[in-house]
Amino acid sequence: MAAAAFVPIPTDTYKLGFIGAGKMAESIARGVVKSGVLPASRIRTAHLGSARREAFESFGVKVLDRNDQVVKDSDVIIFSVKPQIVKEVVLQLRPLLSEKQLLVSIVAGVKLKELEDWAGHSRFIRVMPNTPAAVGEAASVMSLGATATGEDGELITKLFGAIGKIWKADEKLFDAVTGLSGSGPAYIFLAIEALADGGVAAGLPRELALGLASQTVLGAASMVARGGKHPGQLKDDVASAGGTTIAGIHELEKGGFRGTLMNAVVSATKRSQEIFKR
């Protein structure tokens, strides 16, 4: 069926369903509700465990008993299950999936072509968020399936914009996205820990050192994201001649700081290609 024949998702009234009620699904749902993009009454998921049910019910999301109930009651369906079971889950639900519904996957490593084949149609969008979704600061990337419309993409941009920032990219770049934004938070956690350890080594109390390190990283990232200046220019602005900052930068350069970070991204990208190669 051609994309032009698809029924548009009713943006003012559509219902959002999550197949999989894990932490990422919870983060997305919380962000969507908190931002006012959707009221909790228009979001649903399914789970039998009391802890997961309570997590979603605590902010008003309807929790059903079975995934088929979610599908029947949703216009936009986000698959947020583990990669090992996504094929089984999609195939089980396939008889209920309609081309009137927009399907979304946040499952790592599973390609659009596979998802489309399992679902029986290609109104699918693949999204890769990362763990800072939990605090509303995700870096997400999406790729549209063969018959997902521009309007579908706008709807998903608005949804995932509620938990951070989202970009559109060709799916062939998703391994590199994994290497940078998927694994990147761990690199920054290491950097924060190392900065704090340096502060302790220089005589600061541990709690103060960790607070200063984390806030410094947060502030520096905000300057890059919001200020419009290239990070190299921002670095030059703070590194005055013969001063403390350029002395510290010199040590980082001697240790191969930039090259090491670049290598980390490339290495994680290659590992993603190995893990998810089919």
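This is a predicted model: local features need pLDDT of at least 70, side-chain atom pairs count only at pLDDT 80 or more; totals for chains, interfaces and linings use all residues.

Me: Fine. At what angle do H8 and H9 cross, and how far apart are the axes?

Reply: Helix H8 covers residues 184-201 and helix H9 covers 206-227. Their axes come within 8 Å and cross at roughly 135 degrees. H8 and H9 are therefore oblique to each other.

Me: Is the crossing of H8 and H9 left-handed or right-handed?

Reply: Right-handed.

Me: Which residues make that contact?

Reply: From H8: Ile188, Ile192, Leu195, Ala196, Asp197, Gly199 and Val200. From H9: Arg206, Ala209, Leu210, Ala213, Ser214 and Val217.

Me: And how do the residues of the contact divide into nonpolar, polar and charged?

Reply: Nine are nonpolar, two polar and two charged.

Me: Now H1 and H2. What's the angle there?

Reply: About 15 degrees, with the axes 10 Å apart. H2 is residues 50-57, and H1 is residues 23-35. At that angle H1 and H2 are roughly parallel to each other. H1 passes H2 in a right-handed crossing.

Me: Which residues of H1 and H2 meet?

Reply: Lys23, Ala25, Glu26, Ala29 and Arg30 in H1 meet Arg52, Ala55 and Phe56 in H2. By class, the contact has four nonpolar and four charged residues, and no polar ones.

Me: Switching to the sheet. What's the strand order?

Reply: E3-E2-E1-E4-E5-E6-E7-E8. That is eight strands in an open sheet, with mixed pairing.

Me: Which are the edge strands?

Reply: E3 (62-64) and E8 (164-168). Each pairs on one side only. On average, neighbouring strands of the sheet are turned by 25 degrees against each other, direction ignored.

Me: In what sense do E7 and E8 pair?

Reply: Parallel, over five bridges. E7 spans residues 138-144.

Me: Then E1 and E2: how many bridges?

Reply: Three, again in the parallel sense. E1 is residues 16-19. Gly17 has Arg44 in E2 as its bridge partner.

Me: Are the faces of E2 covered or open?

Reply: Both faces of E2 (residues 43-46) are covered. Ile43 and Thr45 are buried on one side, Arg44 and Ala46 on the other.

Me: Single residues now. Ser27: buried or exposed?

Reply: Buried, because its relative accessibility is 14%. Ser27 sits in H1. Leaving aside neighbours within four places in sequence, Ser27 is in contact with Ala133, Ala134 and Ile163.

Me: What about Ser181?

Reply: Ser181 is buried too, with a relative accessible area of 15%. It lies in helix H7, residues 174-182. With neighbours within four places in sequence left out, Ser181 is in contact with Asn130 and Ala139.

Me: Last one. Where does Ile275 lie?

Reply: In helix H12, residues 257-275. Ile275 counts as partly exposed because its relative accessibility is 48%.

Me: How far is Ile275 from Gly109?

Reply: They are 8.1 Å apart, C-alpha to C-alpha. In sequence, Ile275 and Gly109 are 166 residues apart.

Note on methods:
Residues are numbered from 1 along each chain as its sequence is written. Side-chain values use heavy atoms; hydrogens and water are left out. Axes are lines fitted to C-alpha atoms, for helices over the stretch in contact, and angles run from 0 to 180 degrees between N-to-C directions. Helices (H or I, at least four residues) and strands (E, at least two) are DSSP runs, numbered from the N terminus. Angles under 35 degrees count as roughly parallel, over 145 as roughly antiparallel, 65 to 115 as roughly perpendicular and the rest as oblique. A crossing is left-handed if the near helix is turned anticlockwise from the far one by less than a right angle, and right-handed if clockwise. Contact means heavy atoms within 4.5 Å. Ala, Val, Leu, Ile, Met, Phe, Trp, Tyr, Cys and Pro count as nonpolar, Asp, Glu, Lys and Arg as charged, and the others, Gly among them, as polar. Buried means under 20% relative accessible area, exposed over 50%, partly exposed in between (1.4 Å probe, protein chains only). Two strands pair if DSSP finds at least two bridges between them.
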